[in-house]
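Have the model open while you read.

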Amino acid sequence: MSDSEPLLSIRGLRVEFDVAGGRLPAVGGVDLDLAAGEVVAIVGESGSGKSALSMSLAGLNRGPRAHISGTATLRGQDLIAAGEDQLRQVRGKDIAVVFQDALAALNPTQRIGAQIAEMVRAHQKVSRKQAWARAVDLLREVGIANPEQRAKTYPHQLSGGMRQRVMIAIGLANEPALLIADEPTTALDVTIQAQVLRLLKRLQTDHGTTVVLITHDLGVVAEVADRVAVMYAGRIVEQGTRDQVLFAPQHPYTRALLSSVPRIDGPAQERLPAIAGNPLTGVTRPPGCAFAPRCDVAHDACVTETPALTQRYGRPGQLDACVLGPDREKVRVA
């Protein structure tokens, strides 16, 4: 793979699930490239398709009711077309996942050192003693004090922040090229959140790991992301560098998300702005832009045209999916 080629190239990715009312379109045709050694944050409200997108990369949402199509090519291998045996070789080695609920993800009956060592031995030909030593080293690397003793403890004996560090240690056991962190700080207090985010950023810098960060917290995005992809109703509606998306957002949905974040500068607000209406949750998707029913600048064309993700207005690297021009005159659809 040359330096100019992306580490991961996603094209036309669709994820649908059979539900009582029909087939639910969780991800509706996503194109996204990830370069080696960058942190890409995927943001959006709950139900926007963030986790469905990321879990499909590791084959963790396959099943008889799941329908996944498109391509996701990692180092020349299409992860979507790969069989389960092939994915077992990829998971934990080339791709690792850090889940939101570390307590549920860890085995409550095994010591944490044994769980890390098990991941090491799954992909490396080393002895049990060598794998245990590697587990202790990983605990030390992720900032857990007295790792020799902590390796002998069980998950319930650790704090939430320490369990999340253990999950990151498991993810790094085989130095994967791609680390997927799915809401890794949601259940943590703000102090521990900051520590975990600094850890992720340091590990990305030290190891050159590409990190996909799934979050709805724009403060987390500002802290660690290099690029941002904003999802709504299963599609990416805007992407660009962190500064482009956070400080010069182009899509009305991105602007609405940012306006609902409390600010520490300026006068205190009695009530934060909220996005009108509710996200789409049913199996039926209306024609046109999915955000149009909630958009305060929607135009007649918004309910008939499905906008493509396009670079406009002379901003290299920043794409958005809005049919309106940069002035976005307020022409509300009745």
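This is a predicted model: local features need pLDDT of at least 70, side-chain atom pairs count only at pLDDT 80 or more; totals for chains, interfaces and linings use all residues.

Grid points are joined across faces, edges and corners, and a volume is the space filled by probe spheres set on the points.

Residues are numbered from 1 along each chain as its sequence is written, and side-chain values use heavy atoms, with hydrogens and water left out.

**The largest pocket**

- The lining of the largest pocket has 21 residues, and the closest to the pocket's centre are Gly92, Val97, Phe99, Met119 and Ile170.
- Two or more lining residues come from each of β6 (95-98), α4 (112-123) and α7; helices (H or I, at least four residues) and strands (E, at least two) are DSSP runs, numbered from the N terminus.
- α4 gives the largest share of that lining, 5 residues.
- By class, the lining splits into 12 nonpolar, 6 polar and 3 charged residues (Ala, Val, Leu, Ile, Met, Phe, Trp, Tyr, Cys and Pro count as nonpolar, Asp, Glu, Lys and Arg as charged, and the others, Gly among them, as polar).

**α4 with α7**

- α4 and α7 pack at about 20°, their axes 9 Å apart (axes are lines fitted to C-alpha atoms, for helices over the stretch in contact, and angles run from 0 to 180 degrees between N-to-C directions).
- That makes α4 roughly parallel to α7 (under 35 degrees is roughly parallel, over 145 roughly antiparallel, 65 to 115 roughly perpendicular and the rest oblique).
- Ile112, Gln115, Ile116 and Met119 of α4 make the contact with Val166, Ala169 and Ile170 of α7, where contact means heavy atoms within 4.5 Å.
- This contact counts 6 nonpolar residues, 1 polar and no charged.

**α7 with α8**

- α7 (residues 160-171) and α8 (residues 190-207) pack at an angle of about 15°, with 10 Å between their axes.
- α7 and α8 are therefore roughly parallel to each other.
- On the α7 side the contact uses Gly161, Gln164, Arg165 and Ile168, and on the α8 side Ile192, Gln195, Val196, Leu199, Leu200 and Leu203.
- In this contact, 6 residues are nonpolar, 3 polar and 1 charged.

**α4 with α5**

- The axes of α4 and α5 (residues 128-141) come within 8 Å and cross at roughly 115°.
- α4 and α5 are therefore roughly perpendicular to each other.
- Contact residues include Ile112, Ala117 and Arg121 of α4, plus Trp132, Leu138 and Leu139 of α5.
- The class count here is 10 nonpolar, 1 polar and 3 charged.

**Cavities**

- The structure holds 3 cavities of 30 Å³ or more.
- The largest cavity has about 70 Å³ of space.
- Among the residues lining the largest cavity are His251, Cys289, Phe291, Cys295, Cys302 and Cys322.
- That lining has 11 nonpolar residues, 1 polar and no charged.

Conventions:
On a 1 Å grid over the protein atoms alone, a cavity is a set of points where a 1.4 Å probe fits but cannot get out, and a pocket is an open set with protein on both sides within 12 Å along at least five of seven lines; lining residues have an atom within 4 Å of a point.
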